[in-house]
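Have a look at the structure, then work through them one at a time.

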Amino acid sequence: MPPRKVGSGHESPTSPVDSAGENSGTGTKHLAEDMAAIAKDRGGEKVTALLAQTAANKKSVMYRIWLTLEEPESSVLARIYMLVMTFVIAMSVVVTVFESATDGEIRQYLGEDFFNNCEIFFGVVFTVEIVARFAVSRRRSIFFWTHRTVTQDNFYNIVDALSIVPFYLSLAIGKETVKNNQFFALVTTMRPTLRLLKVTRNFAGFQLLVRSLKIALPQLTVPLFLFFLLTLFFGSLIWLVEHENEEFPDDFASIPQSMWFAIVTVSTVGYGDVSPHTFAGKLLASGMIVLGILYMAMPLTVVGSAFSRVWESKEQIFVIENARRRMRQMGIDVTLLKSAFDAVDTDESGTMDYDEFEYFLSHVLGLGMNQKKCRALFHFFDADESGEVSFFEFAEQVVDLRELHEFQDQLKDDDESQPERVQEDPEKPSVDSLVRGLTAKIAGLDALCRQELSAVRAEVRHMAEAHRQNDKEAQLTHRSMNDPALTERSDRAAQEALSARTVPTERPRELQNAMARVAL
């Protein structure tokens, strides 16, 4: 089937896409069918299987359960599940915190059985949750570890597993044994923190903050180095002026102790456990307080600026994270993504317009979103504002950068090996033969130009000789007018000169042609 233009990058689709990811309206339905036919015809077996898998996912019960557990915005049931689990996690944290108050009135009022029963309930609920996530996952081999990295989903799966370890540890060896062992006690103490981290799986603000810190991390190295420099500098000076104080000899007995004072002062914390007593020490402490106020504004500005940039694109970031999650779940690597991209690119332009982009999100990745969000995401990917999205503009956002760089290196290697394959083909001329042919043609043109130039020079010399002969005739005519005796001789000489001139009438035209050839 020949490729044909299905949509325009500057035209809106006939109808928006609903939250389930299916197109509504007759025009958009036919548009999706046309694009699906072209994609299946040009995409190959893997792309065809991917389209079939995406279509089957919309009817799969296991896939719907996976969406309910992983994406709260996918349905009403998913939002209800997220709210219920958030409440359960919050209650488990509260109960665990109050359980540590051995002499508290609340513990005496509720009784020991209440805390034991709550721990069993929370342990069973969290166990059922992680088992359900593992059961509906299509790629269980990357549930805790994805190749050479730990993704966001891997991190939260590990947190879910660790949050139930203390429960089963207490059942296996008993609470008393856990309390008496330092390592087991540490694991049990981390229960509230691990369970509270489970809430951040669906907490959008926390994910944006983590992304902001990743963006600002290279810039935060400068304030961190400056903080260490200030701490070491002022700590050494404080030790120098305070360590000989006989009244308080232990406050600044060493440089590490003085650096502790510098840290709490520059960071504007000020515990007050130690303080300088000499005039020089107080003067240095005052300088540290002022510098600390100025210093703390720098990292806060860096993180705040990064968070503002991330917050402006929060909708696009959430969609990109969902796309990455879907790709990992469906086993889409960068090579298969490129094949699917080329298959959806119905006009073979190397880019996707808006209609192709919407079809790619809905029918390849299975991301359902309305028209407004889809168009905002399209403009987010369209970094150069050309009205089209190239593959690398799209892949830089949804694919791991290390994997993308390896794919780019592979493409470069294929391009470098392309000339070798051309030389081995006997039906195609080699590069050396083409160069030799061009060199021979250039040499022939050079010889022709030299020949034409010689002819032009001969013509110019002939015309110059004719002009000189005309000048002589004019002089003889002038003298003969004053000397009748020379009249007869001048006439005879003029007739001889005219008979000697053999310039053809076509000479000027031949001269023009020769000059034109030399110019070429």
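For sorting linings by class, Ala, Val, Leu, Ile, Met, Phe, Trp, Tyr, Cys and Pro count as nonpolar, Asp, Glu, Lys and Arg as charged, and the others, Gly among them, as polar. Keep in mind that this is a predicted model.

**Exercise 1.** Work out what lines the largest cavity, by class and by element.

*Solution.* Start with the search of the whole structure, which turns up three cavities of 30 Å³ or more. The largest cavity holds about 180 Å³. Of its 16 lining residues, Ser137, Ile142, Asp153, Asn157 and Gln329 sit closest to the centre. Two or more lining residues come from each of α2 (61-70), α6 and α13. Now sort by class: three nonpolar, six polar and seven charged residues.

**Exercise 2.** Find which helix gives the largest share of the lining of the second largest cavity.

*Solution.* This cavity has about 100 Å³ of space. Its lining includes Tyr81, Met82, Glu129 and Lys198. The elements giving two or more residues are α3 (76-99), α5 (112-136) and α9 (191-199). Of the lining, α3 supplies the largest share, with five residues.

**Exercise 3.** Describe the lining of the largest pocket.

*Solution.* First, the volume: about 1400 Å³. Next, the centre: among 41 lining residues, Thr151, Glu321, Arg324, Arg328 and Asp400 are the closest to it. As for helices, α13 provides the largest share of this lining, seven residues. Finally, the classes come out as 18 nonpolar, nine polar and 14 charged.

Methods:
Residues are numbered from 1 along each chain as its sequence is written. This is a predicted model: local features need pLDDT of at least 70, side-chain atom pairs count only at pLDDT 80 or more; totals for chains, interfaces and linings use all residues. Side-chain values use heavy atoms; hydrogens and water are left out. On a 1 Å grid over the protein atoms alone, a cavity is a set of points where a 1.4 Å probe fits but cannot get out, and a pocket is an open set with protein on both sides within 12 Å along at least five of seven lines; lining residues have an atom within 4 Å of a point. Grid points are joined across faces, edges and corners, and a volume is the space filled by probe spheres set on the points. Helices (H or I, at least four residues) and strands (E, at least two) are DSSP runs, numbered from the N terminus.
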